[in-house]
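Dear colleague,

Please find below the structure that I am handing over to you, with its sequence. My notes on what was found in it follow directly after.

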Amino acid sequence: MALELYRDKNHACLMFTDLIEEDGQAVQANQFLIVDDDTGAIIDPGGNLAFNELFMGMTKHFPPHKLSYLIASHADPDIIASLDRWMTSTKANLVISRVWERFAPHFTKVGKTENRVIGVPDGGGHLPLGRHELVLLPAHFMHSEGNFHFYDPVSRILFTGDLGVSMMSGAEARVPVTDLKAHIPRMEGFHRRYMVSNKILRLWARMARQLDIAIIVPQHGAPIMGKEAISDFFEWIENLMCGIDLFDDRAYQIPTAYIDPVTRQMRPALRAVNG
């Protein structure tokens, strides 16, 4: 069931949180439908695990043959692995960073993306959507080399891909977070590994603070809602050490452990009898 993040008579933003079976094999992921009059866009449509449910869910709110865009924050499999099926079942164009423009066709059969990819330059831009537009904001190295966030000025929602992610179930992801302090333990481990550096986080925060934001909505986990929680989020990431800030020569050593293909576990290297 879609969660309505915003709706007026001409504009709607819907969030799908539970389209993937929660069996532990795949990470929970959110997908989004934005409609403005008779124009529609899917943000981060997801992989094949989500395609059938998302396509059917979308048809309850918007006709697939009118879908204009598939908008991808970056090119990870949980973002656009279902691209071939969307290219077949709709006439939508793929909107993605120019960094990934020639990589995305690897998700499809030959020719499916011909003249159907809008490559976004590093500086981003304004993408027409019905009577309004989406702002494509630079978010490079958060965590992808070519990465964008999407701001909807009508709903004042900022879609942040892998920034603001929290690890939880699809049901839990339907409940907006208004107390960031209590929520940080569900975000911290992910951000320390998947964000590249504190420098990037600070640059992004300086840009994002200029926007009038009602909700920050990541691609995994719960939305962050309200001025206080959003302000606390900015402050948290501005001071977070992550990625290359935490790595040194200890992370780059010739490995000694062995991968057991039966148990799928690591085991220590064998020692010589007299060693």
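In which loop is the place of Arg 264? The residue sits in the loop between strand E14 (258-260) and strand E15 (265-267). Arg 264 is not a glycine, yet it has a positive phi of about 60°. With a relative accessibility of 70%, Arg 264 counts as exposed, since the cut-off for that class is over 50%. Please bear in mind throughout that this is a predicted model.

**The chain as a whole**

The chain contains seven helices and 15 strands. Its radius of gyration is 20 Å, close to the 19 Å that the globule rule gives for 275 residues, so the chain is as compact as a globular protein of that length. Along the principal axes, the C-alpha atoms fill a box of roughly 80 × 45 × 35 Å.

Of the 275 residues, 49% are buried. Among the contacts with a separation of 6 or more, 63% are between residues 24 or more positions apart. The chain exposes about 14,300 Å², and carbon and sulfur atoms supply 54% of that area.

Strand E2 (residues 11-16) is mostly covered, with six of its six residues buried. His 11, Cys 13 and Met 15 point one way from E2, whereas Ala 12, Leu 14 and Phe 16 point the other way. In a regular strand the side chains alternate between the two faces of the sheet. In E2 the residues pointing either way are all buried.

E2 pairs with two strands that I would draw to your attention. Strand E1 (residues 3-7) pairs with E2 in the antiparallel sense over four bridges, and the two form a hairpin with three residues between them. Within that pairing, Glu 4 has Leu 14 of E2 as its bridge partner. Strand E3 (residues 31-36) also pairs with E2 in the antiparallel sense, over six bridges. Here the bridge partner of Phe 16 is Gln 31 in E3.

**The open sheet of six strands**

A further sheet is open and consists of six strands in the order E8-E9-E10-E11-E12-E13, with mixed pairing. Strand E8 (125-129) and strand E13 (224-225) stand at its edges with a single partner strand each, so one side of each is left without a neighbour in the sheet. Inside the order, strand E11 (residues 157-159) and strand E12 (residues 215-217) pair in the parallel sense over three bridges. Leu 158 stands opposite Ile 216 in E12.

At 38% relative accessibility, Phe 141 counts as partly exposed. His 143 also lies in the loop between strand E9 (132-138) and strand E10 (148-152). The peptide bond from Met 142 to His 143 is cis, with omega near 5°.

Ser 73 lies in the loop between strand E5 (67-71) and helix H2 (77-80). Its relative accessibility is 1%, and Ser 73 therefore counts as buried, the cut-off being under 20%. What is Ser 73 in contact with, leaving aside its neighbours within four places in sequence? The residues are Asp 44, Ile 79, Gly 146, Asn 147, Phe 148, Phe 150 and Gly 161. One of these, Phe 150, falls within strand E10 (148-152).

Arg 206, by contrast, lies in helix H6 (residues 198-208) and is exposed, with a relative accessible area of 60%. Arg 206 and Glu 238 are 32 residues apart along the chain, and their C-alpha atoms are separated by 9.0 Å.

Yours sincerely

Note on methods. Residues are numbered from 1 along each chain as its sequence is written. Side-chain values use heavy atoms; hydrogens and water are left out. The radius of gyration is taken over C-alpha atoms; the globule rule is 2.2 Å times the number of residues to the power 0.38. Buried means under 20% relative accessible area, exposed over 50%, partly exposed in between (1.4 Å probe, protein chains only). Contact means heavy atoms within 4.5 Å. Accessible areas come from the Shrake-Rupley method with a 1.4 Å probe; for residues, only the protein chains shown count as cover. Two strands pair if DSSP finds at least two bridges between them.
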